[in-house]
Amino acid sequence: MSGNRAFRVAATGARLITGAAVAVACVVGVTVAVHAPWPVVRHDPARVEVTPLPGDSVLVCNGDLRALGRNTSAPSEMRPAATPDLTSAATSGTPTTEVLEVADLPDAGDVRVLTGEADGRTAPIIAAAESVTVAEADIAGFAALPCGEPRLESWLVGGDVGTGAEDVIVLTNAGDVPATVALSVYGTVPGARTVVVPARTQVGLPLASIAAGNEAPVVEVSAVGAPVRAVLQSSLTRVLDPVGIDLQDAVAGAQENLVITGVQAFPVEGDEADATVLRLLSPDADSLADVTVTAVGARGATTELTVPLTADIPAEVSLSGLEPGSYTVEITAETPVVAAVRQQDGAGPESDFAWVTPAPEIDTDVLVAVPSGPASRLEIANTSDDDAVVSVEPADGGGQPAEIEVPAGETRSVDVARDTAYRLRTSATVHVAVAMTAPGAMAVLPVRPGAAAEQAVTVYP
């Protein structure tokens, strides 16, 4: 009996030991399995890269220069002051022209919409610009403006509602449905107004009607229903003498890095406060803006400024200490900003002024329309780390292309003919503006890329 009992005890102990070993093995197996990669069953969805067909290229022009105050019984009523000359070109074909209605401007000339129709997968590049010269008792000077694309959001930076200023916001809706436009004024006295712009119509309203009391107003333009082209027309009178006009295109939006090329400083006697001024606005937050002013060419003159910005309050800094010459202004800010530079060639009769807005990056072929007017030149700024070679060729193919070498960090200038279009090709990213200058006449037109080529999109069937 004792032998059987011993055998059973031994068998039971063996079973216990075996069970413990199996349990330990299971725990180890589960632990290893948790950390080991599990089999993955994956199904990649079908997808294909598709490039959409390009749409038509559309440019909206501004039309007549407007004059305020000619009807003493209705000071805010506007009358046509001058009809602009138009210069246009296209890489293929001839753009079609349509004319919009201008109900608030009696006897107005044409407000033109130019359309370059797409052919299959190719859309033509088109360019157009208007210029106007006026010399009347209440308004005088030269102004030029490229025809541009309408936007849902844009900014007008260079407004003035001070004594002698007659600024007008011009809104053009080339669409087939009405546009509801919200105008928001940034400044020491914020303001707002909503304007309905009927389909295929242009309207204008005095800046003073929404921005009174602001020394340096900036206006945000937001459209719903249809994009609009926003333009700020400015005219100035000192005592009883007209001292210039300007047409300023709206800028697309705030950015942290801006390049303003084509700025010119003039020798001005007496009070130079209005000669050359930089205006900045940070619409989102308090920040600092580092402003670098770099001379054109190899002269090497550089001025650096730091401008504190308060959210929603425009700031201005005088650049009148610059020696006479052409400049490129580079702006780097901690938060997105909008900016423009005002330049003026005098303070009395037969003087003129112009606001210069940022020139966007150009890294592909563009057409540039140089309108009629005073002597013209292209200002080509290269703010990148790579040297650039820019080819400038008459769009009609009637001349040999000029090859302009623009070293990294520098700006080069090349003379161009008036009332002529040019095709530009560049080997690296540059910023370009058309500068037009003569005594008592000036304008600067930033060159913008045409409608961007359609990018490929991923489609999942």
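The legends below describe close-up views of a predicted model.

**Figure 1. Overview of the predicted chain.**
The model is a prediction, and the protein in it has 461 residues, 47% of them buried. Its secondary structure consists of 2 helices and 33 strands. Among contacts with a separation of 6 or more, 77% are between residues 24 or more positions apart.

**Figure 2. Strand β7 around Thr-115 and Arg-112.**
Thr-115 belongs to strand β7, which covers residues 111-116. Arg-112 lies in strand β7 as well. The relative accessible area of Thr-115 is 11%, so Thr-115 is classed as buried. Arg-112 also counts as buried, because its relative accessibility of 18% falls under the 20% limit. Leaving out residues up to four places away in sequence, Thr-115 touches Asp-56, Ser-57, Val-58, Pro-95, Thr-96 and Glu-98. With the same exclusion of residues up to four places away, the contacts of Arg-112 are Leu-59, Val-60, Cys-61, Pro-84, Leu-86, Thr-97, Glu-98 and Glu-130. Glu-98 is in the contact list of Thr-115 and in that of Arg-112.

**Figure 3. The loop at Ser-92.**
Ser-92 is found in the loop that runs between β5 (85-90) and β6 (96-100). Its relative accessible area is 44%, and Ser-92 is therefore partly exposed. Pro-124 is 32 residues from Ser-92 in sequence, while the C-alpha to C-alpha distance of the two is 5.8 Å.

**Figure 4. The largest cavity.**
Two or more lining residues come from each of β9 (140-146), β17 (241-249) and β32 (441-446). By class, the lining of the largest cavity comprises 7 nonpolar, 2 polar and 2 charged residues.

**Figure 5. The second largest cavity.**
The space in the second largest cavity is about 50 Å³. The residues that line the second largest cavity are Asn-62, Gly-63, Asp-64, Leu-65, Pro-84, Glu-130, Val-132, Leu-145 and Leu-247. They divide into 5 nonpolar, 2 polar and 2 charged.

The volume of the second largest pocket is about 430 Å³. It is lined by 29 residues, of which Asp-160, Glu-215, Ala-216, Arg-279 and Glu-316 are the closest to its centre. At least two lining residues are supplied by each of β16 (229-238), β19 (276-281), β22 (315-318) and β24 (353-356). The largest contribution to the lining of this pocket is that of β16, with 4 residues. The lining of the second largest pocket contains 11 nonpolar, 10 polar and 8 charged residues.

**Figure 6. The aromatic pair Trp-155 and Tyr-186.**
A search of the whole structure returns 1 aromatic pair. The pair is formed by Trp-155 and Tyr-186 and is tilted, with the ring centres 5.3 Å apart and 45° between the planes. Trp-155 is in strand β10 (residues 153-156) and Tyr-186 in strand β12 (residues 179-186), so that the pair links parts of the chain 31 residues apart. Both Trp-155 and Tyr-186 are buried.

**Figure 7. Arg-342 over the ring of Phe-353.**
Arg-342 is placed over the face of Phe-353. The distance of Arg-342 from the ring centre is 4.6 Å.

**Figure 8. Val-434 in strand β31.**
Strand β31 spans residues 431-438 and includes Val-434. Val-434 has a relative accessible area of 1% and is therefore buried. Residues up to four places away in sequence aside, Val-434 touches Val-368, Val-370, Arg-377, Leu-378, Ala-443, Val-444, Leu-445 and Val-447. Between Val-434 and Val-416, 18 residues apart in sequence, the C-alpha to C-alpha distance is 8.9 Å.

Notes. Residues are numbered from 1 along each chain as its sequence is written. This is a predicted model: local features need pLDDT of at least 70, side-chain atom pairs count only at pLDDT 80 or more; totals for chains, interfaces and linings use all residues. Side-chain values use heavy atoms; hydrogens and water are left out. Buried means under 20% relative accessible area, exposed over 50%, partly exposed in between (1.4 Å probe, protein chains only). Contact means heavy atoms within 4.5 Å. Ala, Val, Leu, Ile, Met, Phe, Trp, Tyr, Cys and Pro count as nonpolar, Asp, Glu, Lys and Arg as charged, and the others, Gly among them, as polar. On a 1 Å grid over the protein atoms alone, a cavity is a set of points where a 1.4 Å probe fits but cannot get out, and a pocket is an open set with protein on both sides within 12 Å along at least five of seven lines; lining residues have an atom within 4 Å of a point. Grid points are joined across faces, edges and corners, and a volume is the space filled by probe spheres set on the points. Rings of Phe, Tyr and Trp (its six-membered ring) pair if their centres lie within 6.5 Å; planes under 30 degrees apart count as stacked, over 60 as edge-to-face and the rest as tilted. A charge sits over a ring if NZ of Lys or CZ of Arg is within 6 Å of the ring centre and within 35 degrees of the ring normal.
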